[in-house]
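Please keep the sequence and the model at hand.

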Amino acid sequence: AQTVLTGNWGNDIVLLLKAAGEAGLHVRFGNQSLDTPGTLSAAGPAVEGAYLAKLYNTSVEGGEEFNADFEKKFGHLPASEQPTSVFSYMLLGNALKTLDFGGGPIDATQIALALVNASYETPGGTWSVRKEDHQALLPVYISEVSKDAKDKHDGTEFGFKLLEVVSPEAAAVPPSPKCDMKRPG
C-alpha cells in the first residue's frame, strides 16, 4: 500500500503514526482528525506528510478575520470541530431569522424547512442544506501536515498546508434515487 486512509483519532491515530514511523513504514496517511488538539504534538515527526480532509483550514484565503476573531476570544486558532460548530450555528441562525413563532411553541418542522432556504458564507465557501434530502453542502479542505504551512498548530513546527478546497457541489453525494423524503403537510 502507498496510502492508508484511517478513521482513527485521538490516541489511536497517534499510536498508529508513531508505530509506522518506528517500523520504517513509508506510506502516506489520510485522516480527518489530525487537527484534534494534542495530536500533532503527541505524534511528533511521524505526522509530517499526512493528509487531512476537514471542513476548514486556517490558511484559506479570506479566513484571516474569522481566525483573528476566534483567536482573540479563545486564545488559539480554530481547530478540529470548532469552526464546524461556529459555521453550523451561523447557518442555523440564518434559518431562524426567517421564522417568527410569535412567542408560541417552537415548531421543529418549520426550522427544518427554513434550513433548506438558508445559507452561510464561510471564508472558504457557502454552507447550505439540499432540499431533496437535507444533505449538508459544504466545502472540504484537503491539507498536508507540513513545516511549510502558514499557521502552526498545537505548539509544534507543523501546520496544515492547504492543498485544495473541494467545492460544496463537488463534495456532495448525489441524492439517492431511493430517497423518498416525506415532509409534513
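**Exercise 1.** State how many residues line the largest cavity and which of them lie nearest its centre.

*Solution.* The largest cavity has a lining of 14 residues, and those nearest its centre are Asp35, Tyr56, Asn57, Thr58 and Pro78. A cavity is here, on a 1 Å grid over the protein atoms alone, a set of points where a 1.4 Å probe fits but cannot get out, and lining residues have an atom within 4 Å of a point. The model is a predicted one, in which local features need pLDDT of at least 70 and side-chain atom pairs count only at pLDDT 80 or more, whereas totals for chains, interfaces and linings use all residues. Residues are numbered from 1 along each chain as its sequence is written, and side-chain values use heavy atoms, with hydrogens and water left out.

Next, the search of the whole structure finds 1 cavity of 30 Å³ or more, and the largest cavity holds about 110 Å³ of space, a volume being the space filled by probe spheres set on grid points that are joined across faces, edges and corners. Two or more residues of the lining come from each of β3 and β7 (140–146). Sorted by class, this lining has 7 nonpolar, 5 polar and 2 charged residues, where Ala, Val, Leu, Ile, Met, Phe, Trp, Tyr, Cys and Pro count as nonpolar, Asp, Glu, Lys and Arg as charged, and the others, Gly among them, as polar.

**Exercise 2.** Find the side chain that meets aspartate 35 in a salt bridge, and explain which parts of the chain the pair ties together.

*Solution.* The partner is lysine 54, with 3.2 Å from N to O; the rule asks for a side-chain nitrogen of Lys or Arg within 4 Å of a carboxyl oxygen of Asp or Glu. Lysine 54 lies in strand β3 (residues 51–54) and aspartate 35 in the loop between β2 (28–31) and α2 (39–43), so the pair ties together parts that are 19 residues apart in sequence. By this rule the count comes to 4 salt bridges.

**Exercise 3.** Give the strand order of the 5-stranded open sheet and identify its edge strands.

*Solution.* The order is β1-β2-β3-β7-β8, with mixed pairing; two strands pair if DSSP finds at least two bridges between them, and strands (E, at least two residues) and helices (H or I, at least four) are DSSP runs numbered from the N terminus. The edges are β1 (3–5) and β8 (159–166), each of which pairs on one side only. Within this sheet, β1 and β2 run parallel over 3 bridges, and valine 4 stands opposite phenylalanine 29 in β2.

**Exercise 4.** Describe the 3-stranded open sheet, and say which helix packs on it.

*Solution.* Its order is β4-β5-β6, and the pairing is antiparallel. The edge strands, β4 (119–122) and β6 (136–137), each pair on one side only. Strand β5 (residues 125–129) pairs with β6 over 2 bridges, and valine 129 stands opposite alanine 136 in β6. Helix α4 (residues 82–96) packs on the sheet and touches β4 and β5, contact meaning heavy atoms within 4.5 Å.

**Exercise 5.** Work out how many helices and strands the chain has.

*Solution.* The secondary structure comes to 6 helices and 8 strands, which run from the N terminus as β-α-β-α-β-α-α-α-β-β-β-β-β-α. The C-alpha atoms fill a box of roughly 60 × 45 × 25 Å, taken along the principal axes.

Conventions. Axes fitted to C-alpha atoms, helices over the stretch in contact; angles between N-to-C directions. 1 Å grid on protein atoms, 1.4 Å probe; cavity = no way out; pocket = protein on both sides within 12 Å on 5 of 7 lines; lining within 4 Å.
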